[in-house]
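Please work through each task before reading its solution.

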Amino acid sequence: MADLVAVLRGDELLLLRQPDRGPAAPGGAVHNLGALPLADCPIDMEHALVLARGPAAVRAYRRALSRWELLTGAALFGLGSKALDIGVDYVMQRKAFGVLIGTFQTIQHRLADNAIALDGARLLAYGAAWAQDENLPTADTSATMAFLFAAETAFKTASEVLHFHGGYGYTLEYDIQLYFRRAKATRRGRLPRGVRAARAPRLRRGTDTRTGTGGEGGLTMDFREFDELASHREAACAWVEAHVRPEWVEEQRRSGTHQTAELHTLLARDGILAADWAPEYGGSGVDPGFARAVFDELGRRGLASDGWSTTSMVLRTIEHVGTEEHKREYIPAALRGDALIALGYSEPDSGSDVAAAKTTAVRDGDEWVINGQKMFTSTAQLCSHVFVLARTSPAVPKQKGLSMFLVPTDSAGYDIQPIHTLGGQRTNATFYADVRVPDSARLGGVDGGWGVMHVALVHERSASSPGSDGGSLVRDLAAWARTARRPDGTTVLDDPLAAERIGRMAVDEEVTRLLALRDRWRVQKGDLPWVEGSMWKLFATEAAQRHSSDILDILGPEGVLAPDAAGAPANGRFEEGFRAAVVGTIYGGTSEILREIIAERHLKLPRNR
């Protein structure tokens, strides 16, 4: 059906005119799975018009293919989104065993995964379109990433929705089979080589605003390549060089305590902890960008501040739901470095079902008497308080009878026992035997703890929380693969299968980054990213587990070497990362809990419990 055909022959870009497309023309349309405009026709190269030769011709042809990848990726995102809409609509109407199949947990979880991936595909497509508009060197790579991810996501979504239709999905009376066929016919199986060595442009803010023009409003996004911390990095590096002792990294690894008291004191002394806080609550006036750059530099050097991360989450919760008395008592103390707060939600028999907490708080005049046990209270051995969820009304439904308390760790009746983990980190079990706290230690109303904890969990799952950036294992792996030699003298990156796996990790890492930026943008607007934070946390932690496992496969026998073993690649960071990634899908709400949140709040599916 084409009038003109562009062909790259060697380094020549040719333009061919089809002389005859009538019924008697040789060849013709080819029937295919997706009813795509495919044809099998002879091409006459003798009468071709040479448009360009040399590198310019190759670049022009590749740019045209890049445009095709971008536009087709955007179309596939649209296809997948419509397939998801069809799926949600169907499971909300179809009944099995007397109930809507949309209440089935397995179906909800799979639809939630599809929703996250489609959001990632949308952000990749927007970023790629912007990169092509700006004529950036990374535009082709961005388009390939967008196409690859959208193609895989669209097919996965359409195939699962078809499955949820049961036998009806197989019939031609239902449209989902059209989406299923087109998604498979349009995708391409292997990752183009360009993705393996490059990275898409970094967004400035991930802005997503309505302009108020053109019907429902146009979409304006700023993908300007800009390092917000650039002006602070030199000063942050100088601060770290002046104050940080290299042995602290090894001490954190050896002890499993991912918080260094001496470092925390220095951060408080220089106002870094108090950056981005109002003066009336102890804010220091230190530029928040400088503070972020310091924590970023600490992370690059392998130093964690987990105790400060949990403390920050609780402080932001106090900011949202606390009384003025709470704000003036706890926030300044923490910013001075005098208070650290651990999280006390989980219990031995409840895990992620924190609403089933058995720890009790019984009122006795102006005090509460707390009895029970909490698990996984990480860094509590260094903390001044534990943020404890306790049952205050046992006779009401479980979510409605809970309250939150800030329990001092020097209280009589408080005890702590260490628990050592697969990832090398120490966590704790904490015990409360007739621990007395004043009523002023209660945050939120009596029996209002469930709502308070929800606010705290939003901050815990947010990509804007301290320490949520982390390093890039994929970047470190690529650097290693470029120089590591096989017995035949080739590098690991010369192996096309290894290169493709690294490229696919890079695409996931880019989706993770874009989801994080969207989450941070919501926080910057002053919103609580209830759903966006859950989407980021779920995708990021599950991708990290996949990547860390794939990395060990690529490394081969050397991959299992621990950090203290001679010859361990990247000083054992890959082996350590594999062990540490396991907990990511558990803390702050398991992947299953997050899928239920996304299914209920984003897809509007009914509660299944």
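**Exercise 1.** Determine in which sense E1 and strand E2 pair, and over how many bridges.

*Solution.* Strand E2 covers residues 12–17. Its pairing with E1 is antiparallel and runs over 6 bridges; two strands count as paired if DSSP finds at least two bridges between them. Strands are DSSP runs (E, at least two residues) and helices are DSSP runs (H or I, at least four residues), numbered from the N terminus. Within this pair, Arg9 stands opposite Glu12 in E2.

The model is predicted: local features need pLDDT of at least 70, side-chain atom pairs count only at pLDDT 80 or more, and totals for chains, interfaces and linings use all residues. Residues are numbered from 1 along each chain as its sequence is written, and side-chain values use heavy atoms, without hydrogens and water.

**Exercise 2.** State the strand order of the sheet and identify its edge strands.

*Solution.* Strand E1 (4–9) and strand E5 (49–53) are the edges, each pairing on one side only. On average, neighbouring strands are turned by 25 degrees against each other, direction ignored.

**Exercise 3.** Specify which strands Helix H1 touches.

*Solution.* Helix H1 (residues 55–91) packs on the sheet and touches E1, E2 and E5, where contact means heavy atoms within 4.5 Å. The direction of H1 makes about 130 degrees with that of E1; axes are lines fitted to C-alpha atoms, for helices over the stretch in contact, and angles run from 0 to 180 degrees between N-to-C directions.

**Exercise 4.** Give the number of helices and strands in the protein chain.

*Solution.* The protein chain contains 17 helices and 17 strands.
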